[in-house]
Amino acid sequence: MAKHIDLGAAGEAMAARELLKLGYRLIDTNVRMKMGELDIVAEEGGEMVVVEVRTRTLGRMVPPEATVGPSKIRKLVRTGRTYMESVGWEGPWRIDIAAITVGSDGSPKLEVFRDITVGIIEP
Amino acid sequence: MNVVHGVTLQGIKALKVEVEVEITGGLFVIAVVGLPDASVKEARERVRAALRSLGVSVKGRVAVNLAPADSPKEGALLDLPIAVGIAHAKGEIRVPGPTLFMGELALDGRVRRVRGAVPAALLARDLGFPLFVPEGNAREVSLVKGVRAWQVGHIRELFAHLRGQSQLKVIEQAEEATGDPKPDPDFSDIKGQVAAKRALEIAAAGHHNVLLTGSPGSGKTLLARALKDILPPLSDEEMMEVLLVRSTVGLPLDSSRRRPFRAIHHTSSTISVCGGGTNLRPGEVSLAHRGVLFLDEFTEFRRDLLESLRQPLEDGFISVSRASGSVTYPARVLFVAACNPCPCGFLGDPVEPCRCSPSAVDRYRRKMSGPILDRIDLCVTVPRLTPDELVQAEGQGGESSTRVRERVLRAREVQWDRWKNLGYQCNAELPEKALRKQVRLDLDGRRFLKDVAGRIRLSGRGISRVLKVARTIADLAGEENLSTVHLAEALAFREGGDLPWDR
C-alpha cells in the first residue's frame, strides 16, 4: 500500500484509542455512505460526535486541522445528517476534528478540535 | 405559557416582544425568526458566548421566535431576553411569571446599557410586569413612577436572582432634584436689549414663535439661550414626554424640570432635524419637544429643511414614514430664529454703514421661507450696543430670569384658566374662529386697529396675530380686557414692522 494510506490508517487507529481515554464511547468506524465516509462515530456528553481524523508528518506547510476546508465541512454535515437519520438519532450531535502530527522521530501528537461548525454554518 | 418578554422600539413607544424558544436535536445552531434586523441576528453569537461564560452549554438546534412576527424588531436590547429564554427552555432557570427583560450582552456575560429604557419602563408599568434592565439604565428607570424594576450588571447575577440564590438591586424611585437649576445665562447678565427681553417674555408667556434680527455680535444667541430659563418648569406629564424622547435616542437624562434647548446648525440634514434614518430615530425638533428650538443664521438654512419644519410647528408632532413603517414623534416646540438684517449684517446699525446693494438685501430677504415666517408672531430687532452704552450699562442688567419667570407663570395660569374649556393651553394655539369670538375689543381699541390696519395694510392673518400677541401682553399685565396700549405694543412686534428693510 502507498505510504500515505498507511499513515492515515495508523492515525485513525491511534485517534480511536486516544478518544477512548478522553471519555468518548466509540460506536462506529469507517462508516461508508453514498456521499462520503465518516472516520469515527462516537458518543460523548449526551451528544453524538462525528470525528474527522487527519494525520500528517511534521514539516508539511499546512497543519492537519487546516486541511478540512469549507467543502469538506459541507460534506461532513451532509453525511453526518444522513447517518444520524439512518440510525434514528434525534438528539444533538456535533463534528470534531482529531488532528495527528507525526514528529521527525516518528512519535505522534494528537489534538482534538471540538464542535468545529459553531458559528460557521447558517441555520 | 410563555413568560419571557423583551421590547423593541416603535417611535417613542415600546412594543412587547414575546420570546419563544424551542430546542431540538441536530447540529448546534441558533435560528432567530420574527423579522429581526442585523443587530438582532447577531445576538446569536453574543448569547452563545454569554451563556457559555456561565457554564450553560447549548446543544442542538435552537429556534427563537420573536412575536408578533409581522413587526420588525431592531436593536441589541433583545440579547438578554433571548439568553433568558434559552436558559428557561433548557430548564436552567425558571422565570416565575410574565417578565420584561432588556439589555445587550457582552461576550463575557456583562449586560450593557441600551437606549429606550424609559419607554420599556412605561410599558412594564402599564402591563404590570416586573422589569430587568442593565445597570447603566437604572437612573432612567428610577425616574418612572410605579414600576417594579431590578438592575442587572452581569447575566450571572440575574440567573442567581431567578434561582433564588441571591437578590438583585431593586431600582428605587429617584428623588426629585430639589431647587431650580441656576439660569444660564441669566436675564440680568444681558445688558440693554430691553425690547428683545420684553419680546422673549411675551413669547414665553403666550408660546409665540420669535424671530430675532440683528448685527453680528449683538447678542441674539445669548438672548435665545436665556429664553429657556424664563419658561415655566415642565409639568409631570411634560417631563415624562421629554424623558421618553431622550431615552429613545440614548441621551443621558436630567431629572431637573428645566425645558430643553436645542440649537441646530444650518448645515444639519433634514433627517437629523426631523427624525428618520434607516433605524428610525427622533430628530432635533423632537428633542426640543416642550422646549426651545433655536435656528441661528436662519437665512442660511436649506429651503427643504425649513419647509419640513412646517408640519411640526403647526401640529406639535412629526410623522416620519419609511418603507419599514411610519412613526410619530412629539414636536411641540417654541421656535426661535435669528438672522442678520442683510448679507453684511449692518443694515440699520447706528454706527457701521451697510455695504449691501438693495438687490442683495432683497435676495437675502427672499431666502426666508414665507410659510415659516407666517408662523412667527414676534419679530424683533436686536441692536448692537455702542461702546458708550456697554460701559454705562456695566453692573445694571435689569431683572433676573427668576423674576421674569414668575410673571410668565402667572400669565400662563390666566390663559390656562381661560382656555381650558376650549382645550387650548396658550394664546398662540388659538385658531382664528375662537379668537374672533373670545378676544373682545373695546370701542377705542377697535377704532385704533381699524385706523392702523388701514394705514399699514395689515392683512386678515396679520390682524389675528396682533390680537393674539395683544392678548398675551394683557395677560402679562393681569388685565381682563384688551386696550389700545396692548394693541400698540403688539403692533410693534408684527412681522416686518420692526425689520430694517421695511423702513
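This is a predicted model: local features need pLDDT of at least 70, side-chain atom pairs count only at pLDDT 80 or more; totals for chains, interfaces and linings use all residues.
Colleague: What share of the contacts in chain B with a separation of 6 or more comes from residues 24 or more positions apart?
Modeller: Two residues are in contact when their C-beta atoms, placed from the backbone, lie within 7 Å. Take the chain B contacts with a separation of 6 or more.

Colleague: What distance separates the centres of domain 1 and domain 2 of chain B?
Modeller: Domain 1 of chain B covers 4-170, and domain 2 covers 187-420. The centres are taken over C-alpha atoms. Their separation is 41 Å.

Colleague: Which element gives the largest share of the side of domain 1 of chain B that touches domain 2 of chain B?
Modeller: The contact draws 14 residues from domain 1 of chain B and 15 residues from domain 2 of chain B. On the domain 1 side, β1 (4-10), α4 (117-127) and α5 (138-142) of chain B each give two or more residues. That side divides into seven nonpolar, three polar and four charged residues. The largest share, three residues, belongs to α4(B).

Colleague: Which strands are the edge strands of the eight-stranded sheet in chain B?
Modeller: This sheet is open, with mixed pairing. Its order is β3-β4-β2-β1-β5-β8-β9-β10 in chain B. An edge strand pairs on one side only. That leaves β3 (29-33) and β10 (169-170) of chain B.

Colleague: Which residue in β4(B) stands opposite B:E22?
Modeller: Strand β2 (residues 13-24) of chain B pairs with strand β4 (residues 61-67) of chain B. The sense is antiparallel, over seven bridges. Opposite B:E22 stands B:A63.

Colleague: What angle does the direction of α4(B) make with that of β2(B)?
Modeller: Helix α4(B) packs on the sheet. It touches β1, β2, β5 (99-101), β8 (131-134) and β9 (149-152) of chain B. Against the direction of β2(B), the angle is about 80°.

Colleague: Is the crossing of α7(B) and α17(B) left-handed or right-handed?
Modeller: The axes of α7 (residues 194-206) and α17 (residues 401-419) of chain B come within 8 Å and cross at roughly 40°. B:E201, B:A204 and B:A205 of α7(B) meet B:V404, B:R407, B:V408, B:A411 and B:R412 of α17(B). These contact residues divide into five nonpolar, no polar and three charged. The crossing is right-handed.

Colleague: On to chain A. Which residue in β5(A) stands opposite A:I100?
Modeller: The open sheet of chain A runs β1-β2-β3-β4-β5, with mixed pairing. Its edge strands are β1 (25-33) and β5 (108-113) of chain A. Six bridges join β4 (residues 93-102) of chain A to β5(A), and the two run antiparallel. The residue opposite A:I100 is A:L110.

Colleague: At what angle does helix α2 of chain A run to β2(A)?
Modeller: Helix α1 (residues 3-21) of chain A packs on the sheet and makes about 135° with the direction of β3(A). Helix α2 (residues 70-87) of chain A lies across β1, β2, β3 and β4 of chain A. Relative to β2(A), helix α2 of chain A runs at about 65°.

Methods. Residues are numbered from 1 along each chain as its sequence is written. Chains are lettered from A and ligands numbered from 1 in the order in which they are written. Domain bounds come from an automatic or database domain assignment. Helices (H or I, at least four residues) and strands (E, at least two) are DSSP runs, numbered from the N terminus. Ala, Val, Leu, Ile, Met, Phe, Trp, Tyr, Cys and Pro count as nonpolar, Asp, Glu, Lys and Arg as charged, and the others, Gly among them, as polar. Axes are lines fitted to C-alpha atoms, for helices over the stretch in contact, and angles run from 0 to 180 degrees between N-to-C directions. A crossing is left-handed if the near helix is turned anticlockwise from the far one by less than a right angle, and right-handed if clockwise. Two strands pair if DSSP finds at least two bridges between them.
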